[in-house]
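Subject: Structure handover and findings

Hello,

Please find the structure below, followed by notes on what was found in it.

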Amino acid sequence: MSISIFSAADIASHLGELGRLLHACVHDGASISFVLPYSQADSEAFWSTKVLPGVEEGTRLVLVAMVEGRIAGSVQLNRDTPPNQPHRAEVNKLLVHPDFRRQGIGLQLMAELERLAREIGRSLITLDTRTGDKAEPLYAALGYQTVGVIPGFARDPMGGDRLDATTIMYKTL
Ligand SMILES: CC(C)(COP(=O)(O)OP(=O)(O)OC[C@H]1O[C@@H](n2cnc3c(N)ncnc32)[C@H](O)[C@@H]1OP(=O)(O)O)[C@@H](O)C(=O)NCCC(=O)NCCS
């Protein structure tokens, strides 16, 4: 497994595969902004219209984990913080393809994200994750502290009426 930073050109040339990664996670029930129905075209549009511009302007770093030439996972470091928070960055879209789960890829992506955050002078990492989801113990294992829970935060990704809570977490590097 190797982890690399994807440039804007890398993202543009891997839109199909990055789209399949996000599409698979959404269809697997992940609560990551989207709600079914969610198509491969929707997913590719997310990478090209929401992620790519941030990478081009330098406000977003995209890390990609590859296993035997396949994209197995990804995470983004969002450094688009206001002038009074130059020391903070946010974790966005930690994704591991269902075919590659429970092999430590999520943990390794986060470790590399933290290394990069330190390198660019960020000492506070913040994130939120659906309360009770599998990502919560992953972040806790890495030393993220829970600030609290906001109930009724996001819609059921499978399209039902339920509203799920979110847990706000942070780590000081
Ligand atoms: C959350 C996610 C990124 C984990 O990726 P992963 O590569 O499978 O995680 P790892 O193998 O590094 O697991 C690290 C630890 O996280 C926890 N964890 C991961 N998957 C878990 C699961 N299904 N159930 C319970 N704990 C789990 C465990 O503590 C695990 O350590 P262990 O395997 O030694 O028990 C992956 O399941 C995913 O992409 N989910 C959908 C997208 C999502 O919800 N992302 C988080 C957005 S905030």
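E68 is exposed, at 83% relative accessibility; here exposed means over 50% relative accessible area, buried under 20%, and partly exposed in between, with a 1.4 Å probe and protein chains only. E68 sits in the loop between β2 (60-67) and β3 (70-78), where helices (H or I, at least four residues) and strands (E, at least two) are DSSP runs numbered from the N terminus. The phi of E68 is near 45°, a positive value in a residue other than glycine.

The model is a predicted one, so local features need pLDDT of at least 70 and side-chain atom pairs count only at pLDDT 80 or more, while totals for chains, interfaces and linings use all residues. Residues are numbered from 1 along each chain as its sequence is written, and side-chain values use heavy atoms, with hydrogens and water left out.

Backbone

Most residues other than glycine have a negative phi, and most peptide bonds are trans. S33 belongs to the loop between α2 and α3 and is exposed, with a relative accessible area of 60%. P37 is also found in the loop between α2 and α3. The peptide bond joining L36 and P37 is cis, with omega about 0°.

Salt bridges

A salt bridge is counted when a side-chain nitrogen of Lys or Arg lies within 4 Å of a carboxyl oxygen of Asp or Glu. The count by this rule is ten salt bridges.

One of them joins the side chains of R101 and D28, at 2.7 Å from N to O. R101 is in the loop between β4 (88-96) and α4 (105-119) and D28 in the loop between α2 (15-27) and α3 (40-57), so this pair ties together parts 73 residues apart in sequence. R101 is partly exposed at 27% relative accessibility, and D28 is partly exposed at 40%.

Another salt bridge is formed by the side chains of K171 and E114, with 2.9 Å between N and O. This pair links distant parts of the chain, K171 being in strand β7 (residues 163-172) and E114 in helix α4, 57 residues apart. Both K171 and E114 are buried.

R130 and D133 also form a salt bridge, with their closest N and O atoms 3.0 Å apart. R130 counts as buried, at 15% relative accessibility. A network of salt bridges links R130, D133, D156, R162 and D164.

Ligand

Which pocket does the ligand take up? The space taken by the ligand is the largest pocket. On a 1 Å grid over the protein atoms alone, a pocket is an open set of points with protein on both sides within 12 Å along at least five of seven lines, whereas a cavity is a set of points where a 1.4 Å probe fits but cannot get out; lining residues have an atom within 4 Å of a point. A molecule sits in a pocket or cavity if more than half of its atoms lie within 2 Å of the grid points.

There are 19 residues around the ligand, and L94, V96, R102, G104 and G106 come nearest; a residue is near a molecule or strand if one of its heavy atoms lies within 4 Å. β4, α4, β5 (124-130) and α5 (135-141) each supply at least two residues of this shell. α5 gives the most, with four residues.

R102 has a polar backbone atom 2.8 Å from an oxygen atom of the ligand, and Q103 has a backbone N or O atom 3.3 Å from an oxygen atom of the ligand. A polar contact is a pair of N or O atoms within 3.5 Å; within protein, one must be able to donate a hydrogen and the other to accept it, and residues adjacent in sequence count only if both atoms are side-chain atoms. The protein covers 76% of the 910 Å² of accessible area that the ligand has on its own, with areas from the Shrake-Rupley method and a 1.4 Å probe; for residues, only the protein chains shown count as cover.

Two other positions

A141 lies in helix α5 and is exposed, at 62% relative accessibility. L18 is in helix α2 and is buried, at 0% relative accessibility.

Regards
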